[in-house]
Amino acid sequence: MSGAMSEAIGLVRLRRGRPRRTALWIPLGIVSGYVLVAVLGPLLLGYDHVATPVGDRLRAPGSATANGTAWLGTDGLGRDVAAQIVYGARTSLLIATVAVTLSALVGMTVGALAGLAGGWSDVVMSRVIDVLLTFPGVLLAIVVAGLFARGLPTVVLSLSITAWTPFARVARNVTLSIKEREWVSAARLMGVPRLVILVRHVLPFVLPPIVVMATLEFALVVLAEAGLSFLGIGLPPSTPSWGQTVANGKEYLATAWWISAFPGFALFLLVVSVGLLGDQLSARLGRNSRSRTS
Amino acid sequence: MAMMVIRRLASALVVMWGAASLIFVVIRLAPGGPAVVLLGPDADPEAVAELTARLGLDRSLPEQYLTYLLDVVRLDFGESYRLDMPAMEAVLNRLPASIELAATAAVIAVCAGLALGLLAGYRRGGALDRITSTLTIGLQAFPTFWVGIMLILTFSLVLRLLPSSGVGTPAHMVLPAVTLSLPFTAIVARLTRSSVVEELEEPYAGTARAKGLTDRQVLLGHALRNSLIPVLTVVTLQFGALIGGAVVVENVFAWPGLGSLIVSAVAGRDYAVVQAAALTIAGVIVLLNLVADLLNARLDPRIRLGNA
């Protein structure tokens, strides 16, 4: 596996020429736009997700409502679709950021420790990952998010259960290749404690591939969270999220296509941009982390 | 080879045991015991105690764990309280529909992905290659539930060509299978491309060209065959992810498979069905991983002789 991976890394280096600038800046701009909207949007919009101004229900995009113009239309309860997208961006980015940070930290620590220690702890980690991967990620997330108390922490936990495993694998592989290097042996011979070796001599090399992996995982986690809320699992209905709005619109598909169409497109655009960004990062940081493709 | 098969089988069993234990832990940690769920929050405490005893939930955890493992081995997950039938029977009723959907999607993904990957890998760095690579990133970024809904909107509601949900005719299969296949098409295309590029750089490809074969002959006659090995393995491995993706897609199209069963079982806290369904899917995936391993060893002697 690791052999195939290093071959793949070599290939990526060979095949990519000088990275083009626009390929980095356009997705970066779009993602920054989302972050800006998620942070500032709710401050500028006076929107109440629980309120149901039914007088304005199912208005087409661009029509005037009691709360101003609904540029992207209103849903079956008269709520503004554009505002739901803005609030959904906040939910989505918040969950994905927390889940990916958590997974990266856990995965990096576990993977680096297992790689450094070797022996049974390495075997145990690999087995635990094998077991987790026998369940499709979505399935485990559905079971955990569905059976535990609804709310943000549950969703984050349910998404992180499998999301840490690729980080652990990458961290382990990099650590394995680093720990045989001279400076690590030198540090060990000088009696530097294992934890210090880990933090000062190993982790700096683990970090770049982890950053690349984090962007790719971010895209997957955003998709998974939207899938959960589409199924009505995890987040309470009072928390606006893209998946939930798309699901709400399914009922009105024949008459009000905009309810499902726009939030889904917002989701797609974010995931594509994060994906492109990840590709650019991996080209620049020189490590192919696309090997985990699902 | 025989030794290798035995070792792989043993490790598959260990993984299955781990999967069963994981589900046990998750179900036991979930708030609100099955007895409370069955009888409702206002139930008489005595009735709850009685049912808890009958379900064996008053015994010690290690004891419960052992009986649970024995039940798993016997494929006995108890009765589904919502469906009024053994949980395993409910799962087995739904399994064929899911496999049918996932298999159709896999066939679409392999055909489309191979074609795209060959086109891209044939002229590396060319216009087609760049278009395909952008396309595959797009395909992987599609939220399947949204694509499904947009396809229903276009093909069922506006064009009135295909049914929007349910089963029966082959036409019912088209939209769900296409929706489910999109991200996997991207995976197969990416893999085929890099595999073809790699094979075209091998010395044998140069020899074939030196003998006077055209690029296309080298590609289809030589490189394609060798590229198929990793593609086949990944498709087998990805079949599990396909079943996972089907959980969401089935709910969009009201497809009567395992996915919709699981979601309703989780929502209704039907623990027996959740356990049976999750472990069935895990079993299918473990089995497929085993098949992929053996297939790989069969097709590529280097693996068989190298690290069996």
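Predicted model: local features only at pLDDT ≥ 70, side-chain atom pairs only at ≥ 80, totals over all residues.
Modeller: Residues are numbered from 1 along each chain as its sequence is written, while chains are lettered from A and ligands numbered from 1 in the order in which they are written.

Biologist: Okay, what makes B:Ala49 partly exposed?

Modeller: A residue is buried with 20 or more other C-beta atoms within 10 Å of its own, exposed with 12 or fewer, and partly exposed in between, with C-beta atoms placed from the backbone. B:Ala49 has 13, so it lands in the middle class.

Biologist: And where does B:Ala49 lie?

Modeller: In helix α3 of chain B, residues 45-54. Helices here are DSSP runs of H or I with at least four residues, strands are runs of E with at least two, and both are numbered from the N terminus.

Biologist: Why is B:Leu75 called partly exposed?

Modeller: Its count is 15 C-beta neighbours inside 10 Å, so the in-between label applies.

Biologist: Which loop holds B:Ala254?

Modeller: The one between α10 (215-253) and α11 (258-267) of chain B. B:Ala254 also has a positive phi, about 50°, without being a glycine. With 13 other C-beta atoms within 10 Å, B:Ala254 is therefore partly exposed.

Biologist: Which residues touch the most other members of the largest nonpolar core?

Modeller: A:Ile142 and B:Ala277, out of 173 residues. A nonpolar core is a set of buried Ala, Val, Leu, Ile, Met, Phe, Trp, Tyr and Cys residues joined through C-beta atoms within 7 Å. Helix α3 of chain A (residues 81-117) gives this core its largest share, 19 residues.

Biologist: What is B:Ala277 in contact with, leaving aside neighbours within four places in sequence?

Modeller: B:Val91, B:Leu258, B:Leu261, B:Ile262 and B:Ala265. Contact means that C-beta atoms, placed from the backbone, lie within 7 Å.

Biologist: How many residues of chain A are in contact with chain B?

Modeller: 43, against 46 residues of chain B. The largest share of chain A's side, 10 residues, comes from α10(A).

Notes. Contact = placed C-beta atoms within 7 Å.
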